[in-house]
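Subject: Structure for your review

Dear colleague,

Please find below a structure that I am handing over to you. I would be grateful if you would look through it alongside the notes that follow.

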Amino acid sequence: RSAGCPTHVVFDSQVSQSTLDIIEDQPDRVQELHIGFPSGSSHSILDVPLRNLKHCTLSRILPEINSSRAPLFSRQTHCLRTLILHHLTFLPPPQFPSLSHLIILNRTKGDLLYSLEDLLDLLSGCPRLQELHIAGLVTSGLKTTPSSPERACPIHLAQLAKLSLREYYRD
């Protein structure tokens with residue numbers, strides 16, 4: 001295939017070193033990335049600067065360290081429009097100036113490392129957000145107590161047209 005064609009990458013298990021090498025050699029070709037249930041070397045792909053990435057789904061990725069924050073793609077996400085975070089225990093820091101759609105889903109009880117404050121910080125870095133879907137955070141153990149009083153600053157999402165909040169309750 002042509003070296004200039006856009007690339008769409010899907011991983012749903014182990015990521016081979018040869019695949020990582022290809023992506024690291026031509027990161028600007030990757031426009032879509034969907035990672036689900038990875039293990040092993042998957043963390044190194046999250047460090048590759050994918051400057052032209054437009055759509056990304058991350059599912060069931062554990063952070064390398066026990067932290068509520070983990071930067072994605074060396075913070076080179078200026079083109080990213082859609083981000084789906086499914087069963088992640090961490091959130092990325094605010095780094096998405098072009099993001100228009102954000103979906104955060106979590107159904108596992110009590111495993112979140114991030115807090116409401118971390119979520120608000122992420123949203124503060126998404127000024128073009130048009131749709132926000134959040135599901136299962138309270139039942140997953142989202143910490144809602146602010147750690148600092150200055151966090152009371154409002155977040156301006158002037159382009160937000162759709163907000164969906166949902167919880168999963170079990171009997």
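Against which strands do the buried residues of α3 pack? They pack against β5 (101-105) and β6 (131-135).

Please bear in mind that this is a predicted model. The average pLDDT of the chain is 80, and 78% of the residues score at least 70. Among the elements, β5 has the highest mean pLDDT, at 95, whereas helix α2 (residues 42-45) has the lowest, at 66. Where pLDDT is low, the predicted coordinates should not be read in detail.

Five bridges join β6 and β7 in the parallel sense, and His 133 has Ser 164 in β7 as its bridge partner.

Helix α3 (residues 116-124) has as its buried residues Glu 117, Asp 118, Leu 119, Leu 122 and Leu 123.

Finally, the largest nonpolar core comprises 41 residues, and Leu 33, Leu 58, Leu 102 and Ile 104 have the most contacts inside it. Among the elements that give two or more residues to this core are β5, α3 and β6. Leaving aside residues up to four places away in sequence, Leu 102 touches several residues, including Leu 122, Leu 123, Leu 132 and His 133.

Yours sincerely

How values were computed:
Residues are numbered from 1 along each chain as its sequence is written. This is a predicted model: local features need pLDDT of at least 70, side-chain atom pairs count only at pLDDT 80 or more; totals for chains, interfaces and linings use all residues. Side-chain values use heavy atoms; hydrogens and water are left out. Buried means under 20% relative accessible area, exposed over 50%, partly exposed in between (1.4 Å probe, protein chains only). Helices (H or I, at least four residues) and strands (E, at least two) are DSSP runs, numbered from the N terminus. Contact means heavy atoms within 4.5 Å. pLDDT is the predictor's confidence in each residue, from 0 to 100. A nonpolar core is a set of buried Ala, Val, Leu, Ile, Met, Phe, Trp, Tyr and Cys residues joined through side-chain atoms within 4.5 Å. Two strands pair if DSSP finds at least two bridges between them.
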